[in-house]
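User: I would like to go through this model in short questions and answers. Please keep each reply brisk.

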Amino acid sequence: MSIKIAIADDHSLIAEGIKNMLRYSSDMEVIASYPNGATLLAGISLIRPDVLLLDIAMPGRQGDELAAIISEQYPEIKMIVLTSTDNIFHIRNMLQYKNVAGYLLKDTGKETLEDAIKIVYHGGQYLGTAIARRIREDEENLQRQKEAGRLLTKREKEILQLIIDNHTSAEIAEILHLSRRTVEHHRESIFSKLDVKKTSALVKKALELNLVQR
Amino acid sequence: MSGAVHLSFFSLRIRLFSRGVIYAIWSMIISGSPASAQQFHNLTMLPEHFFSIASEDTAYVHKLLGSAGYYLPLHSDSALFLYEQAKQLSFRIPYPDGICVALNGISRFYADRGDQTKALAYLREAEVYCKNAFFRARSLTVSWYQSMAIPHTYSGRNDSAVWYLYRSLEFARSLKDTASMLAAYNLLGTVWIHNKDLNNAIRYLEKGEQLALQKPYTDDLALISNNLAIAYGNLGDSTRMLHSLQRAATYARISGNKRQQQKALLNLADYYLKGQQPAEALRHLQEGLSFTKEENHTLRFEFYYGLSNAWHQLGHFRKARTYGLAAEACISGKQLHTFSKAYFFEEQARICDALGDRAGAYHYQKLYTALSDSLNRTSRKGEIDRLETMYRLAEHEKEIAHKEKELLFNAAKIRNRNIWIITISIGALGITAFLFGLYRNSRRRMLLLRQQKEIDELKAMISGEEKERNRIAIDLHDHVGGLLSAAFYNLERIKEENNDMEHSHAFRKIKSLIGEVQYEIRNTAHNLMPDILIHHSLPEAVRIYCADMERDAALRIDVQIQGQFDNLHQDFQLSLYRIIQELVQNILKHAEATHVYVQLHASSTLVSLTVEDNGKGFDPEQATTQGRGLLNIQGRITIMNGRLSLDTNPGKGTSIYIEFDLND
């Protein structure tokens with residue numbers, strides 16, 4: 001029993017290329033290829049592939065919409081995203097769908113593609129090396145940006161200093177030649193970054209963190 | 001010998017009318033000989049985008065359909081059985097392409113049986129499967145339209161038949177599907193012949209001929225030439241008919257299309273019999289008979305009958321009688337009500353008479369009389385049907401002409417009304433402009449207007465720029481990127497076919513080059529078109545952009561985003577993103593910084609953006625490249641109703657603060 005594969009890609013050349021690539025693979029078989037979402041949905045309602053190779057950018061319905069529909073309606077079809085974008089947004093967006101079990105770039109070679117199909121077919125998950133690295137980097141970045149939350153801008157530092165020096169917003173506006181609204185806007189940002197509600201708490205925290213001089 | 005002339009003349013007409021249409025249509029769609037028909041049955045030959053479902057079930061369906069198509073003109077009952085099998089199997093798989101072709105075939109079985117209601121019912125059922133076919137929806141739809149023409153032609157509704165054929169022609173033309181276009185031209189030709197509108201028939205057939213010659217499709221050319229011959233024959237242009245028949249025979253011989261070759265040879269023989277050239281006729285008949293299969297009784301009857309006729313003309317009555325008996329053996333026990341059969345009996349009566357066989361002569365004369373009476377009745381009815389159809393077509397054309405006139409009249413009325421509307425509008429606009437001018441006639445107002453104009457121009461420029469970026473991004477990503485991927489897969493395939501390729505330095509180099517270009521295109525396209533991201537979340541888009549930049553350049557970018565951005569206008573969000581992009585690029589190019597801080601903050605009344613770096617800074621009073629970069633952003637900020645403030649000095653880094661009001 002060979003693994004039945006369907007391809008959804010608007011480039012006939014690519015669909016053909018994949019088919020050629022898998023021609024000599026004895027245990028898998030490309031049974032259909034669809035140039036857009038409409039024909040894909042019509043086709044799989046008749047013939048179910050085991051594994052669907054899905055592109056993201058297609059005319060009409062995009063890959064994410066299709067992945068959502070297929071996960072909902074055909075829980076038995078496993079999907080591998082085969083696309084040319086390695087943007088982390090697309091990676092995360094596609095992997096959130098239940099049946100999307102793989103993500104590969106279109107410069108993936110034959111052996112990797114075959115491995116991915118087999119693993120996904122048997123219930124596993126497969127991410128290309130570049131994709132896995134991209135996810136890891138992004139997680140690191142996300143973590144770091146959370147920690148960066150306490151950084152103050154130059155202007156915010158000036159205003160924080162003035163607040164600690166007991167100036168009101170109106171006074172600060174006059175000193176810095178800013179509008180009252182702008183000063184309020186900065187205040188809001190500072191309070192939010194230091195996670196405080198009252199001016200007294202703000203002063204205490206700023207001193208604790210050594211952000212200003214008394 | 002005048003009897004023989006009369007006889008062969010009729011036998012030609014017989015093939016032209018009672019069977020001409022049926023044969024032509026069949027041989028085109030069912031028999032599977034010309035290019036279009038081959039495609040129709042041979043479902044494994046699929047156009048690009050599609051692959052065959054290589055499972056055994058569908059292959060079996062194809063086999064069933066292929067045999068059914070072959071048997072339909074010969075043993076229609078077997079064909080029906082095969083079509084039913086194919087239909088049931090296709091429903092079980094399920095396989096709409098198979099269902100479509102099977103239902104078309106069943107319909108044609110009934111059409112041929114004279115049950116046009118049933119034929120149409122099957123086609124109605126087929127419609128949805130053909131139009132939503134799995135692999136070949138477009139070309140099966142073209143075929144479906146052509147099939148629809150058949151029961152309509154049979155039941156004398158030529159106008160409907162022509163309508164369906166025009167639809168199929170239009171459709172095939174839009175698909176640039178030459179094979180289907182050829183089929184449509186041919187069918188139109190046959191329907192016009194059926195309707196005795198020979199000039200129209202010739203016009204369409206010649207169009208088909210031109211098209212078929214380009215390739216050349218010899219198979220279709222054979223069919224077209226045969227049909228042209230019928231049309232010329234009916235026009236009484238025997239020279240052109242002869243040439244067409246000769247061409248048909250040649251084309252059929254080249255393409256190996258037996259059916260068309262038989263048809264051409266039979267009609268050529270008829271022509272020579274009519275022209276008292278029995279020796280020529282004999283040659284063609286013998287050629288035809290030599291490759292006509294034993295089980296094809298109808299055709300063998302025609303050839304034997306022709307041979308009998310030829311020997312009759314040559315005065316060899318005994319030989320004529322022998323072939324006559326052979327012909328009769330072919331049709332014994334078969335329901336074959338044709339003029340050929342009637343005239344065959346009449347001729348046998350004459351031959352028996354010449355041989356002195358009175359009893360035989362009487363026997364055949366009786367058969368002839370009985371058959372020709374009933375046929376004359378049918379033919380009279382056919383003639384009445386034809387006149388009715390012609391009347392209907394004439395009425396239809398009159399109606400179209402009437403409607404066109406009405407449309408012209410309405411258009412004129414609308415034009416008149418539009419002139420009035422335009423006149424009044426221009427008048428009203430003129431008065432408004434005058435009052436407006438009076439009202440605004442001050443220097444200050446003029447200045448404001450000029451500023452507004454500048455802003456509008458900027459807006460238009462930026463929006464045009466966005467569109468252009470979008471177009472380039474799509475071109476790059478979809479088209480160039482797609483081609484590159486295809487090239488990559490083909491390389492993989494080369495590797496598969498030549499094992500030593502993997503060790504070739506050049507091969508590996510090409511592969512890595514393709515990979516690099518793919519990477520560049522991905523990045524460029526994404527930078528040009530971030531709108532999908534922004535559509536989902538601007539903060540996420542900004543964070544990801546900065547992370548990408550950080551990875552590509554040796555630089556640390558911290559991002560801090562506060563507040564809600566979802567409610568901001570899409571264009572506004574995109575502009576914010578572009579400003580961040582330009583500021584970060586500016587820093588990368590000029591600032592020599594190691595650390596960048598990007599902060600976006602949305603409160604209820606304001607949105608602010610701060611971008612700071614620890615680079616070399618610059619003197620804002622001097623025209624530096626870094627300062628000039630900021631000028632590009634200034635235009636955008638103005639139309640977004642924002643203000644920019646800059647805090648920088650040489651050696652002190654740069655801090656840019658941009659603020660937008662959210663009031664309007």
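Predicted model: local features only at pLDDT ≥ 70, side-chain atom pairs only at ≥ 80, totals over all residues.

User: How many helices and how many strands does chain A have?
Analyst: Chain A holds 214 residues, and 40% of them count as buried. Of its contacts between residues at least 6 apart in sequence, 60% join residues at least 24 apart. The elements of chain A are ten helices and six strands.

User: Which residue of β3(A) stands opposite Ile5(A)?
Analyst: Strand β1 of chain A covers residues 3-8. Four bridges join β1(A) to β3(A), and the two run parallel. The residue opposite Ile5(A) is Val51(A).

User: What is the bridge partner of Leu52(A) in β4(A)?
Analyst: β3(A) is also joined to strand β4 of chain A, residues 78-83. Four bridges link the two, and they run parallel. In β4(A), Leu52(A) has as its partner Met79(A).

User: Which strands are the edges of the five-stranded open sheet in chain B?
Analyst: The order is β1-β2-β3-β5-β4 in chain B, with mixed pairing. Neighbouring strands of this sheet are turned by 10° against each other on average, direction ignored. An edge strand here pairs on one side only. That describes β1(B) and β4(B).

User: Which residue in β5(B) stands opposite Val607(B)?
Analyst: β3(B) and β5(B) pair over eight bridges. Their sense is antiparallel. Opposite Val607(B) stands Phe660(B).

User: Which helix of chain A packs on this sheet of chain B?
Analyst: The helix spans residues 180-193 of chain A. It touches β1, β2, β3 and β5 of chain B. Its direction makes about 70° with that of β3(B). The helix is α9(A).

User: At about what angle to β1(B) does α22(B) run?
Analyst: α22(B) belongs to chain B and covers residues 538-552. It lies across β1 and β2 of chain B. Its angle to β1(B) is about 175°.

User: Which element supplies the largest share of the side of chain B that touches chain A?
Analyst: In the contact between the chains, 50 residues of chain B meet 48 residues of chain A. Elements of chain B that each supply at least two residues include α19 (443-497), α20 (505-528) and β2 (595-602). The largest share is 13 residues, and it comes from α19(B).

User: How many residues on that side of chain B are nonpolar, polar and charged?
Analyst: The residues concerned are the 50 of chain B in contact with chain A. They divide into 18 nonpolar, 19 polar and 13 charged.

User: Why are α13(B) and α15(B) called roughly parallel?
Analyst: Helix α13 (residues 258-274) and helix α15 (residues 297-314) of chain B have axes that come within 11 Å. The axes cross at roughly 20°. Angles under 35 degrees count as roughly parallel. The two helices are therefore roughly parallel to each other.

User: In which hand does α13(B) pass α15(B)?
Analyst: Residues making the contact include Leu266(B) and Ala269(B) of α13(B), and Gly306(B) and Ala310(B) of α15(B). The contact residues divide into five nonpolar, four polar and one charged. The crossing of α13(B) past α15(B) is left-handed.

Notes:
Residues numbered from 1 in each chain as written. Chains lettered and ligands numbered in written order. Buried ≥ 20, exposed ≤ 12 C-beta atoms within 10 Å, placed from the backbone. Contact = placed C-beta atoms within 7 Å. Nonpolar A, V, L, I, M, F, W, Y, C, P; charged D, E, K, R; others polar. Axes fitted to C-alpha atoms, helices over the stretch in contact; angles between N-to-C directions. Parallel < 35°, antiparallel > 145°, perpendicular 65-115°, else oblique. Left-handed = near helix turned anticlockwise from the far one by under 90°. Pairing = 2+ DSSP bridges.
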